[in-house]
Amino acid sequence: LLVSSPSLVAAKSARMPVAFEPNMVLPSAPPNGAAAQGMPAAASGDDNPDKGTRSGEALESGGKNERSSDFHGRASQAARPSQVGKLPDAQKDKRIIPGIRAWMMKTNWYHGPLATNLRTTVLGKNWALMMTVALLLALFMPDIWVLAGVNDTLFIDIVLTGVMAAFLIEFCILTAVDAPYLFSFFQLMDVFGTVSMIFDLSYMLGTRADVAEMASNEDSATSNLMLLRAARAAKVGARAGRLSRVLRFLRFLPFLAGGDEVDENKTGIASMISGQLANLVATRVACLTIILVMVIPLFDIFTFPQTDHSLQTWVNRLSVNLDDGRTQDVLAELDLMKEFYSRYEYGPYASCIGAKSGNTFACVDPVEGTSAAAITGWDAGRTGPSRLSSSWIVHTETFMVQFNMQHTDMVEAAFSMATMCFIIIIMVFCGLALSSVVTELAVRPLERMLETVRQIASTVFKFSAEVNDDEREMDEAADIDSSNEMKLLEKVVQKLAIIADLQTARQVPEKTEDMRDEDIGILSMMHGANIVEEKAKNDRRSMAVPRKKALVPSIRLEDFGVSQEVYYSWAFNALSLTKPQRMTLAVFTIQKFHETGDGFINTPEEVNMLQRFVQAVEKEYLPVPFHSFAHAIDVVHGVFRLMRLISSGSFLSEIDEFSLLIAAIGHDIGHPGVNNGFLSEVGHELALQYNDRSPLENMHCAKLYTIANKPDSNVFFKLSKEQFKEVRKNCIETILHTDMMAHQSMVKDLQMLFQMNAEVFTSQDQGELGTMAEMEIFRQPDTKTKVMDMILHSADVSNPCRAWEVTHAWALVCLEEFFAQGDQEKMLGIPVQFLNDRDKLNKPNSQIGFIEFMIAPFFTAQIRLFPALREMGENLSTNLQNWEEMWVKETSPATEEKDKVKARVEKVSFNLSQAAERLS
């Protein structure tokens, strides 16, 4: 069962591992020839030693190549004499038994031709078939003889003697040539199984079929009758020791074996581990089963006297009557005994007067007319057993009754055979069940992971062939399907090094200043572009040399109401600006985000178009308290600050950054001052138009592109068709994700992004290489989309992360809009939403909850990805504490409630500080 898994057993050369020693043998050869402690030795499981899963080294003494299983091949190769000196001392001396095995595997004898041939023979199929037949004879032949009622022991003694000799020969050979067998569970069980044969041989401790069992009726009667029962119980338990041989034979069954040969390269590591785990688990099941079968019958010894005292009771009673000379009473009692046992399948069949003679009872010759003749001639109503050993002679000093126990013996023999069959079935199917559980829970996921390794290896090798035609050597021709995953990983690493070297070699030279024009021309022709211009562009985007910020413009920010210090900080407050100042600031931010000559707003024509676009957008914003044009400018500023802080130019293209700025100014166009829930509740036309799915956000996108489609406000008029599609995709994607219904999933996405790449983000090397590795993650298409969604949504809800004065002002404006919606909800008689009831809501307390449950987790996840945003976290902590103090002043809460809120605030602050250090 246990070795039958096709992934574990090379059916031509498999061997059971040492029981109770869960050595997991990985399918890569031990380094420096070191033999793992307790690792099984080389062995071939077929009559043909040239078959197997892997070629061994040339045997020193025999000159042959020994093929061995995955359990044994590496250990034997590692323990060859030529490599003995390389074994680490810590491994050699770690444990006594593994040390003895390792010593055995290092001997010349172990790898000599004789030992190899013997090992090949006893582990082959032919030997297994022969020993299976011998085992069946040892398990069932004695009971079959009882069932058949054979009154002879000569033939069975000859057969069982041969079986015992075969067991003994196998035991000696395995002890001499198979290191894992030494001191193993299987060796111990083989000792018990072989020794137990003496209980089935009549010339040793077995029972002769033609001799009746003797049991006296004296003071020791109980003990003697117990021994009769105990002998039978002991035989069942002793035979169980032979069942361990079943484990070694099951691997050859067609429905359990995976084929004649199993190649490690084809099965892979997962299958190897699957087989070993299944083997270790199921071996223990078999072990426990066998031990229970050996021990439980011992308790049956004490049950017989409690079950039936009638045999000695009847004989004792008859003997007393006989001694008193009451012959008629004896005959009457015999008839009563006959009637008593008539209801049972066993009972008396003869009686006589006589005397005990040694180990037998001698009846006196019956003389006609005497009491002896009357008693001897008594008709018991049943005949004697065909098998004399099924006759029990129960006697006293002068009287004897013979009982026919053949039916009882036959039932006991049948149950004994059924017990053995049941145990074998339990061992097989419980082991299979456990193997399947191990496979499903542990091995299947590992197989899927390692299959990915193979796919990656195939891709890497294919790409390596494309970029390096000169390196197609033996590794290039490797068959992916016939290599195990450990080897593939080694090859992948080598190929990646080659690819990296080749790709680096194709980059633009670092220094071009001293090169001649001709050289630059040749290199440009080779690379298909002007290498000087490409190098300048790459330098701007390189993480080692981050792209410069926009030059300080000639226009002074102070001219439209904002100082440079405020503009480049989180103290910026769009509420304090006039409408013309807001529009001018929007044009300035979008136009000047990229350097002169870069971006998409450079010429006077493009600047004028942007101005008209901003004017058109401003007209579409409604005069609501919060979601006004002032909020749009606040979000534009937030997007600008966020992209600068996280060095977005390192992983976002200019078209991506331009998309975010346009999305920022238009993300709330036409907002009516109520949320999506209100629109759905009242059945507003927007909710009906967009099927209750982000109706406001869909409307904002539609209005934005309605403005952009007009010739006099088409801010995208200079974009190519592909660029327009890219901008539109980005704007719609990011604006739809400003819906608060997408907030929690965005938080989870950011948390997952960090966890999946934690080794990069938490690397101790946060220099150039560390930053480049992070940027490479952010450049991935899916990740880049998530980050863009994050940037716009963060700017949209960034009010709590700004300076306190700005945060406080925006909070009051936001709550006023909520209260206005609440008033409408009360008027319409619909449920008043959270935060909307001006009569019940405590403003500071509402902000504490809003920050704790909505804003803090979002910015904690962001800061962990982009520590440069730590200032936002610090502002958030400060503002939360200010709201707490304001709440305490306004409500004067009880000490217990006050302490609870304080603990909540401190927990948020702690999480934000941990995030800045990238700690979990």
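**Close-up views: rings, charges and a disulfide**

**View 1. Two arginines sit over aromatic rings.** Arg-728 lies over the face of Tyr-705, at 4.7 Å from the ring centre. The charged end of Arg-641 sits over the ring of Trp-570, 5.2 Å from its centre. A charge counts as over a ring if NZ of Lys or CZ of Arg is within 6 Å of the ring centre and within 35 degrees of the ring normal. This is a predicted model: local features need pLDDT of at least 70, side-chain atom pairs count only at pLDDT 80 or more, and totals for chains, interfaces and linings use all residues. Residues are numbered from 1 along each chain as its sequence is written, and side-chain values use heavy atoms, with hydrogens and water left out.

**View 2. Tyr-344 and Tyr-346 form a stacked pair.** The whole structure holds 28 aromatic pairs. In this one, the ring centres of Tyr-344 and Tyr-346 are 5.7 Å apart and the planes meet at 25°, so the pair is stacked. Rings of Phe, Tyr and Trp (its six-membered ring) pair if their centres lie within 6.5 Å; planes under 30 degrees apart are stacked, over 60 edge-to-face, and the rest tilted. Tyr-344 is partly exposed, at 34% relative accessible area. Tyr-346 is buried, at 17%. Buried means under 20% relative accessible area, exposed over 50%, and partly exposed in between (1.4 Å probe, protein chains only). Both tyrosines belong to a cluster linked by ring pairs, together with Trp-314, Phe-340, Tyr-341 and Phe-403.

**View 3. Tyr-621 and Phe-629 meet edge-to-face.** Their ring centres are 5.8 Å apart, with planes at 65°. Tyr-621 is buried, with a relative accessible area of 7%. Phe-629 is buried too, at 5%.

**View 4. A disulfide joins Cys-352 to Cys-363.** The S to S distance is 1.8 Å. A disulfide is a pair of cysteine sulfur atoms within 2.5 Å, and by this rule the count comes to 1. The angle about the S-S bond is -55°, and the link of Cys-352 and Cys-363 is left-handed. Cys-352 lies in strand 4 (residues 347-357) and Cys-363 in strand 5 (residues 360-363). Strands (E, at least two residues) and helices (H or I, at least four) are DSSP runs, numbered from the N terminus. Cys-352 is buried, at 3% relative accessibility. Cys-363 is partly exposed, at 37%.
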